Amino acid sequence: MLRNDLEQMQDGTEDSGARSEGMTESAIEDLFTALRWPDGPTCPDCGGREVYRLNVASVRRRRYKCRRCRRQFSNTKGTILEGSKLSLGDWVKVARLVCCRPERVGVTHIQHDLGVSYKTAQNAADRLCYALRRPPLRDLVGNTNPLTPTACRDQPDPEGATFRGITWEQLLQALLHTLPPTADPGSATRPPTSS
Ligand SMILES: [Zn+2]
């Protein structure tokens, strides 16, 4: 039931973020798929490589289906981005903001740049903070944190430097390789919940 709810939430996301970045929704789906699976889509449930794209007019997000286990998935399923209310285009905006802004990023920056509620912006910050402390992102950026202490509300404040030397594509790729708390039994922190 929870999984269905999350998928429905993803299906209901807006595509305005993608459009305002000058990329079509399809191009952004292609980008996320390539960042997650450089060798082509792979089933997150069984690891099967024989997958095909579904054409479902009623579904906004792109879907793939696995021939082996017959399950459907999106390119964010099983990652820290699964269940986010933000569109993929909005995540591009967040990644650019975090990687390009000369000062640290707060929740209100995300809120205003994306035109979303404070709650939705905080949820995005929660997911970023979660990923910052885990591989592969931690291995990329060390102990730096481009978010303000307020944005990382329940975590100790690391050094507080903005990112240098990683691109927004690298940040997105790292997020797409960060397991959510539900798939990470070692996690002792509060999982980011969907807002
Ligand atoms: Zn499968």
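This is a predicted model: local features need pLDDT of at least 70, side-chain atom pairs count only at pLDDT 80 or more; totals for chains, interfaces and linings use all residues.

Reply: Residues are numbered from 1 along each chain as its sequence is written.

Me: How many helices and strands are there in the chain?

Reply: Helices (H or I, at least four residues) and strands (E, at least two) are DSSP runs, numbered from the N terminus. Here the chain has eight helices and three strands, and their pattern along the sequence is α-α-α-β-β-β-α-α-α-α-α.

Me: At what angle do the axes of helix 4 and helix 5 cross?

Reply: Axes are lines fitted to C-alpha atoms, for helices over the stretch in contact, and angles run from 0 to 180 degrees between N-to-C directions. The axes of helix 4 (residues 88-100) and helix 5 (residues 107-114) come within 10 Å and cross at roughly 135 degrees. That makes helix 4 oblique to helix 5; angles under 35 degrees count as roughly parallel, over 145 as roughly antiparallel, 65 to 115 as roughly perpendicular and the rest as oblique.

Me: Which residues make the contact?

Reply: Two residues are in contact if their C-beta atoms, placed from the backbone, lie within 7 Å. Helix 4 contributes Asp 90, Lys 93, Val 94 and Leu 97, while helix 5 contributes His 109, Ile 110, Asp 113 and Leu 114.

Me: Is Val 94 buried or exposed?

Reply: A residue is buried if 20 or more other C-beta atoms lie within 10 Å of its own, exposed if 12 or fewer, and partly exposed in between. Val 94 counts as buried because it has 27 C-beta neighbours inside 10 Å. Leaving aside neighbours within four places in sequence, Val 94 is in contact with Ile 110 and Ala 124. In the chain, buried residues make up 37% of the 195 residues.

Me: Why is helix 6 described as largely enclosed?

Reply: Twelve of the 15 residues of helix 6 are buried, so the rest of the structure largely encloses this helix. Among the buried residues are Ala 124, Leu 128 and Tyr 130. The cover over the buried residues of helix 6 includes helix 4, helix 5, helix 7 (137-141) and helix 8 (168-175).
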